[in-house]
Amino acid sequence: MKLSTAWLNDWLSRTMSDDEIVQALERAGLEIEQYMSSKPIDRNVVVGLVKKVVQHPGADRLRLVEVEVGGKSLGIVCGAPNVAEGQKVAVAQVGTTLPTGDKIGPAKLRGETSEGMICSERELGLGESHEGIMVLSGDIEVGTPLCDVYPADGFIDLKTPANRSDTLSIVGLAREVAAMTATPLRELPDSILPKAKASELTNGVHHCARYLLARIALTADFPSPAHIQARLKVAGMRSISGLVDVTNYCMLEIGQPLHAFDGSKVKLPIEVRMARDKEKLTTLDGVVRKLTADDLVIADATGPIALAGVMGGAATEVDAKTTEILLEAASFDAATIRKMAQRHGLRSEASARMERDLPTALVPVALNRTLELFKEAGSNASLIELSDTLSKAAATPHRIELRLEQLNRILGFDLAAQAATEALNRLELGATVDAATSLITVSAVPWWRTDIRLPEDLIEEVV
């Protein structure tokens, strides 16, 4: 998983240095594959608005661009093929020193004066793209220094254990850092469903421990906040729209995949079922999928509209006109999702999490966080109604007992029972010890630790 250290710091009660974060993650047993830090962007690089684009009279591949940068206009010669009127772009004014060390001065290109440069991602150290200029979100004010939008940040790429679904989230990783550094974690969004009209939006849910569908009204085509776009980019995901970016951001942050159907394109009720013989589905990537009886699908009255937990269908895709969505959050059967993703060659960010057996308690947390993010993005989102189907087979908190003698035998040295319980409690395991017998008891394993089942698992956490 790839993440920004600034994003992880959002969930810690104190701001930590990148070194502290990296060391804490490694001590927690997580393998760091790569760490990088970005260089600060010169304050002379500002957000500009492209007012006019005309062909260079002396060069086929160059254009003369008029750019407003806050109180003044600049004339810039640009060779990027994607520059267009109305774009907001990153403008390096005369006097700028780029992260590469190059300095920007006035220049003449084929007889035309250029008062700066319109930059690509690579030139600013914000990515590898160099095919064209970097196009910014439309909601960023013209003249804003780009370093205020993209502050210097650290980037971590790490491997996550197959049995730890919680570590495929910013919050889960922040929880590990908090435990290793005795730093409190910021409070999670509420795990109780928000108040809304309960409706029968579904008609049958199979191979799914929990299936929630929420009808939400919102503003069409609201802009994606700049910090969300920047953090998605670090995680290897491209910005698509305000609506899609918020759901992707929440998935990376909380660990719960979400899917938004355009409410006007769905013929209710929804059913979660196995596909029928000869059914087909065109997924969001434009590929027509021939379904089998081993495929778990989301279907409406017209037939399959999504491959459950893997990818949505093109027919119900949200777009710039969407003003009502059906937001899906679910905990599908992990083995079914894993086999289906392999069969279709479609291992997505969603399926990578679904196949790790997500806890059902994560569903309402993700819904509440998504509603918060919608509000912060200025979408005017309002929850109209929801349907929540919880399977009887859903996991319940369980109790584990650990004898101090067993712990110390495996450790190879004597550890006091109090020290062991303190270690477990920093991971929010709620351990207690019987003073007479030195029996350590975790009465209810937290819902996010689906990997902890045995006394040996507690020993590993103490280590």
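**Strand pairing, salt bridges and aromatic contacts**

The bridge partner of Arg63 in strand 5 is Cys78. This pairing belongs to a predicted model, in which local features require a pLDDT of at least 70 and side-chain atom pairs count only at pLDDT 80 or more, whereas totals for chains, interfaces and linings use all residues. Residues are numbered from 1 along each chain as its sequence is written, and side-chain values rest on heavy atoms, with hydrogens and water left out.

Strand 5 spans residues 73-78 and pairs with strand 4 in the antiparallel sense over six bridges; two strands are taken to pair if DSSP finds at least two bridges between them. Strands (E, at least two residues) and helices (H or I, at least four) are DSSP runs numbered from the N terminus. Strands 4 and 5 form a hairpin with four residues between them. Within the turn of this hairpin, Gly70 has a positive phi of about 95°. Strand 4 (residues 63-68) is also joined to strand 3 (residues 45-55), and these two strands run antiparallel with six bridges between them. In this second pairing, Val53 has Val65 of strand 4 as its bridge partner. In a regular strand, side chains alternate between the two faces of the sheet.

The structure contains 27 salt bridges, each defined as a side-chain nitrogen of Lys or Arg within 4 Å of a carboxyl oxygen of Asp or Glu. One of them links the side chains of Glu376 and Arg369, with an N to O distance of 3.8 Å. Glu376 is exposed at a relative accessible area of 54%, while Arg369 is buried at 10%; buried denotes under 20% relative accessible area, exposed over 50%, and partly exposed the range in between (1.4 Å probe, protein chains only). A further salt bridge connects Arg399 and Glu401, whose closest N and O atoms are 3.4 Å apart. Here Arg399 is exposed, with a relative accessible area of 53%, and Glu401 is partly exposed at 39%.

Glu461 and Arg449 also form a salt bridge, with 2.8 Å between the closest N and O atoms. Glu461 is located in helix 13 (residues 455-462) and Arg449 in the loop between strand 26 (439-442) and helix 13, so the pair ties together parts that are twelve residues apart in sequence. Glu461 is buried at 15% relative accessibility, as is Arg449 at 2%. Through salt bridges that share partners, Glu461 and Arg449 are joined with Arg164, Asp166, Glu176 and Asp451 into one network.

Four aromatic pairs are present. Rings of Phe, Tyr and Trp (its six-membered ring) pair if their centres lie within 6.5 Å, and planes under 30 degrees apart count as stacked, over 60 as edge-to-face and the rest as tilted. Trp7 and Tyr249 make a stacked pair because their ring centres are 4.4 Å apart and their planes lie at 15°. Trp7 is part of helix 1 (residues 5-9) and Tyr249 of helix 7 (residues 242-254), so this contact ties together parts that are 242 residues apart in sequence. Trp7 and Tyr249 are both buried. The pair of Tyr211 and Phe332 is tilted, because the ring centres are 6.1 Å apart and the planes at 50°. Tyr211 lies in strand 14 (residues 208-217) and Phe332 in strand 22 (residues 324-332), so their pairing ties together parts that are 121 residues apart in sequence. Both Tyr211 and Phe332 are buried.

Finally, Arg175 lies over the face of Trp448, 4.0 Å from the ring centre; such a placement requires NZ of Lys or CZ of Arg within 6 Å of the ring centre and within 35 degrees of the ring normal.
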